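Please look at the sequence and the 3D structure below, and keep both in view while reading the dialogue.

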Amino acid sequence: MAVCEISGKGKMYGHNVSFSQRKTRKVFKPNVQKKTIVVDGHKIKVNVATSTLRTLKKKGLIKK
């Protein structure tokens, strides 16, 4: 299942709404990527949402 290991983001449920306002069930999944992050000199492979990666880069916690 697509879950971010840092922020805990997972799938959400909602509706597809057509022009005629018919509502059908829809699953919204986060954009999860497998990334290698260096923590205390050790490389760790982590499933991370791209929005979480952007936040970590903005805060300066990871380089690139």
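Predicted model: local features only at pLDDT ≥ 70, side-chain atom pairs only at ≥ 80, totals over all residues.

Q: What radius of gyration does the chain have, beside that of a compact globule?

A: The radius of gyration is taken over C-alpha atoms, and the globule rule is 2.2 Å times the number of residues to the power 0.38. For 64 residues a compact globule would have a value near 11 Å, but this chain has 16 Å. Its C-alpha atoms fill a box of roughly 55 × 25 × 15 Å along the principal axes.

Q: In which sense do β3 and β4 pair?

A: Two strands pair if DSSP finds at least two bridges between them. Strand β3 (residues 32-39) pairs with strand β4 (residues 42-49) in the antiparallel sense, over eight bridges, and one of the residues to look at is Gln 33, whose bridge partner in β4 is Val 48. The hairpin has two residues between these strands, and Asp 40, found in that loop, has a positive phi of about 55° although it is not a glycine.

Q: Is Asp 40 buried or exposed?

A: Buried means under 20% relative accessible area, exposed over 50%, and partly exposed in between (1.4 Å probe, protein chains only). Asp 40 is exposed, because its relative accessible area is 74%. Gln 21, in the loop between β1 (12-17) and β2 (23-28), is partly exposed, with a relative accessible area of 49%, and Gln 21 also has a positive phi, of about 65°, without being a glycine. Over the chain, buried residues make up 17% of the 64 residues.

Q: Which residues of helix α1 are buried, and where do they lie around the axis?

A: An α-helix has 3.6 residues a turn, so residues three or four places apart point the same way. In α1 (residues 50-59) the buried residues are Thr 52, Leu 53 and Leu 56. Seen down the helix axis, they fall within an arc of 105° (the arc of the directions from the axis to the C-beta atoms), so they line one face of the helix. Arg 54 and Lys 58, on the other side of α1, are exposed.

Q: What do the buried residues of α1 pack against?

A: Contact means heavy atoms within 4.5 Å. The buried residues of α1 pack against β3 and β4. Thr 52, buried with a relative accessible area of 9%, is in contact with Cys 4, Ile 6 and Ser 7, leaving aside its neighbours within four places in sequence.

Q: Which residue lies over the face of Phe 28?

A: A charge sits over a ring if NZ of Lys or CZ of Arg is within 6 Å of the ring centre and within 35 degrees of the ring normal. Here Lys 26 lies over the face of Phe 28, at 5.1 Å from the ring centre.

Key
Residues numbered from 1 in each chain as written. Heavy atoms only, no water. Helix = DSSP H or I, 4+ residues; strand = E, 2+ residues; numbered from the N terminus.
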